[in-house]
Amino acid sequence: MADAPTPPPGDGAPAGTGGAFGNAPALGGSLWNGSGGGPGSPTADPAALKAARHKALEKLGLWFVFAVIFAVLPTVARFLQGLTQKGHQNPGLYELASRADLYIVCMGLTATAIGQALMRTEGKMPRALKLWSVFNIVVLALVTFLAAGTETSGVDQVALGQQSLILLGATLVSTGWTTYLCELEVSP
């Protein structure tokens, strides 16, 4: 009885097909779950990784313009309309932020990031993406709770503005990373 032929190195998948140890990501493969020679793979192609990161950064830029900038445009418009009113006094940054409904912006961005993470990873969520998703859930719960109390009497507008800006910053970081990791996940 003859010995069985030895399989090629890796997982037996032809080179370039995105197998567990393939030499390049497969079209639609993952850079995280081992199906495309991701960052932790011993055979990760540096050129493919650089291209995937560049593509993910481009999509992150589009996300910033269309999700973030457009979300805060009503605040800018409200401020500009106020400038045309007689007797208008320029509000401070915190007072302007307190009128901005930034909690609503934070809720929309975090809910979108959570949904994106769940849809893009097909059940194989990388650890970093899991951590950012948990952080997004915590931020979503916190801003929902805080938004409920903004219309009550006696609210300190400066404190509200400070909290809004801090949570908006945290939201931008967490949802930005989530978006980047999700786009890196699906980059060919």
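Please keep in mind that the model is predicted. The protein chain averages a pLDDT of 76, and 73% of the residues score at least 70. Two stretches call for caution. Over residues 4-30 the pLDDT is below 50, although the model gives this stretch 39 contacts beyond near neighbours in sequence. Residues 32-38 also stay under 50, with 27 contacts beyond four places in sequence. Turning to the helices, confidence is lowest in helix α2, residues 93-98, at a mean of 80, and highest in helix α4, residues 127-148, at 92.

Now for the rings. How many aromatic pairs does a search of the whole structure find? There are four. Let me show you two of them.

One is Trp132 with Phe135, an edge-to-face pair at 6.1 Å centre to centre and 90° between the planes. Both residues sit in helix α4, three residues apart, or about one turn of the helix. Trp132 is partly exposed at 23% relative accessibility, and Phe135 is partly exposed too, at 35%.

The other is Trp177 with Tyr180. Their ring centres are 5.7 Å apart and the planes meet at 90°, so this pair is edge-to-face. These two belong to helix α5, residues 157-186, and because they are three residues apart, about one helical turn separates them. Is each of these residues buried, exposed or in between? Trp177 is partly exposed, with a relative accessible area of 42%, whereas Tyr180 is buried, at 12%.

Terms used: Residues are numbered from 1 along each chain as its sequence is written. This is a predicted model: local features need pLDDT of at least 70, side-chain atom pairs count only at pLDDT 80 or more; totals for chains, interfaces and linings use all residues. Side-chain values use heavy atoms; hydrogens and water are left out. pLDDT is the predictor's confidence in each residue, from 0 to 100. Helices (H or I, at least four residues) and strands (E, at least two) are DSSP runs, numbered from the N terminus. Contact means heavy atoms within 4.5 Å. Rings of Phe, Tyr and Trp (its six-membered ring) pair if their centres lie within 6.5 Å; planes under 30 degrees apart count as stacked, over 60 as edge-to-face and the rest as tilted. Buried means under 20% relative accessible area, exposed over 50%, partly exposed in between (1.4 Å probe, protein chains only).
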